[in-house]
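The following note concerns nonpolar packing and aromatic contacts. Please read the points with the sequence and the model at hand.

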Amino acid sequence: MSEPRPRRFPPRPRTALLGALAACLALAMTGAGGSASATGPETLPLSGATVSGLHNTYDPAAFRYLAQALDTGTSMIELDVWDDFITKEWKVSHSNPLGNSNNCVNANTPAQLYTGGANKDLESCLDDVRVWLTAHPGHPPLVIKLEMKAGFQATYGLGPAKLDQTISAHLGSAVFRPADLLAKPGGGQYATLDEAATAGNWPTRQQLAGKVMLEVIPGTVEEHNPTDTLWTDVEYARYLRDLAAAGRTAQAQVFPAVHNAQAGDPRSRYSDPSIRPWFVVFDGDAATYVNGTIDTAWYDTRHYFLIMTDAQNVPPALDDKNPSASDAQARIARLATAHASIASNDWTALPQVQSLALPRGGS
């Protein structure tokens with residue numbers, strides 16, 4: 001078990017698509033830590049842009065160090081998290097629930113981001129992100145996607161509250177929280193995240209420079225476990241709802257996401273209507289979202305945050321790892337037109353794609 005660490009944070013058709021892409025690229029920010037013009041995508045609200053994100057960035061086969069994933073300029077990294085109720089740790093691994101298998105090194109300084117032993121826990125991964133952001137002031141907002149592989153284990157002290165404590169201790173004020181979306185500019189707050197989102201209360205990307213937004217989804221093991229009747233999305237949404245009722249939304253660090261693409265309002269799957277307004281983040285397969293059965297404009301007009309995964313599999317499918325830069329850029333532009341907030345992929349060697357920021361909706 002790792003030694004506890006002190007808090008360290010500081011107080012269309014292809015030709016049309018390519019044409020649209022060329023126009024968008026004139027506005028796009030390129031390169032980690034870059035800046036946009038006064039009329040560029042950084043002036044858009046967080047819900048008004050489409051960006052690229054990387055799948056399973058913790059995997060050493062993708063990057064030797066997590067910082068190298070951040071160096072691509074990507075707007076999203078993904079961590080697979082296991083709750084080890086024996087050691088009371090959050091482990092980061094694809095398939096080992098009792099061990100860490102990742103590229104996190106528990107850095108204290110920027111120089112340490114690219115050295116030392118890896119295979120650390122979630123706290124170390126968050127430390128690496130914080131240290132990297134400190135070394136890249138003004139970096140556009142970053143989403144951290146947490147897949148809770150087997151769900152929470154609140155009975156053993158590893159529930160939503162413990163996850164929030166972990167995130168707060170290692171990312172501190174860098175986190176864009178649900179309470180921040182709820183807060184009205186003139187004072188007071190919206191009653192629910194749905195009310196805040198549909199009112200267009202998202203800050204601009206420029207206002208969120210250097211900030212991190214975390215989303216959490218149910219994991220593959222959890223979703224295939226017939227004995228698990230309380231999935232991550234429902235558990236965190238209930239917790240967030242109850243915090244709001246108690247006047248303690250500032251405690252929450254994470255946005256729960258509705259997982260898997262579905263026509264209509266996918267929150268209707270939840271039998272408890274009281275948790276539905278606490279979902280404004282949606283996460284599912286890109287090819288399903290754009291197959292003609294789902295009105296993705298519905299998400300955009302309501303200012304919901306929509307993550308489309310496996311961007312490469314949208315027909316015509318692209319290479320999983322190494323498509324041409326022009327094809328990959330065109331795919332991000334196509335998903336921008338389809339109202340994605342993030343187009344997730346495994347294109348680790350295309351920084352010019354990872355750093356794209358395009359107007360959502362293709363306008």
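1. The structure holds 15 aromatic pairs, a pair being rings of Phe, Tyr and Trp (its six-membered ring) with centres within 6.5 Å. Planes under 30 degrees apart count as stacked, over 60 as edge-to-face and the rest as tilted.

2. Tyr 236 and Tyr 239 form an edge-to-face pair, because their ring centres lie 5.1 Å apart with planes at 65 degrees. The two are 3 residues apart in helix H8 (residues 232–245), so about one helical turn separates them. Helices here are DSSP runs of H or I, at least four residues, numbered from the N terminus.

3. Tyr 236 counts as buried at 0% relative accessibility, and Tyr 239 counts as buried at 14%. Buried means under 20% relative accessible area (1.4 Å probe, protein chains only).

4. Phe 282, Tyr 289, Trp 298, Tyr 299 and Tyr 304 are linked into a cluster by ring pairs.

5. The largest nonpolar core has 96 residues, among which Val 129, Ile 144 and Leu 146 touch the most other members. Such a core is a set of buried Ala, Val, Leu, Ile, Met, Phe, Trp, Tyr and Cys residues joined through side-chain atoms within 4.5 Å. Helix H3 (residues 122–135) gives the most to this core, with 7 residues.

6. This is a predicted model: local features need pLDDT of at least 70, side-chain atom pairs count only at pLDDT 80 or more, and totals for chains, interfaces and linings use all residues. Residues are numbered from 1 along each chain as its sequence is written, and side-chain values use heavy atoms, with hydrogens and water left out.

How values were computed
Buried means under 20% relative accessible area, exposed over 50%, partly exposed in between (1.4 Å probe, protein chains only).
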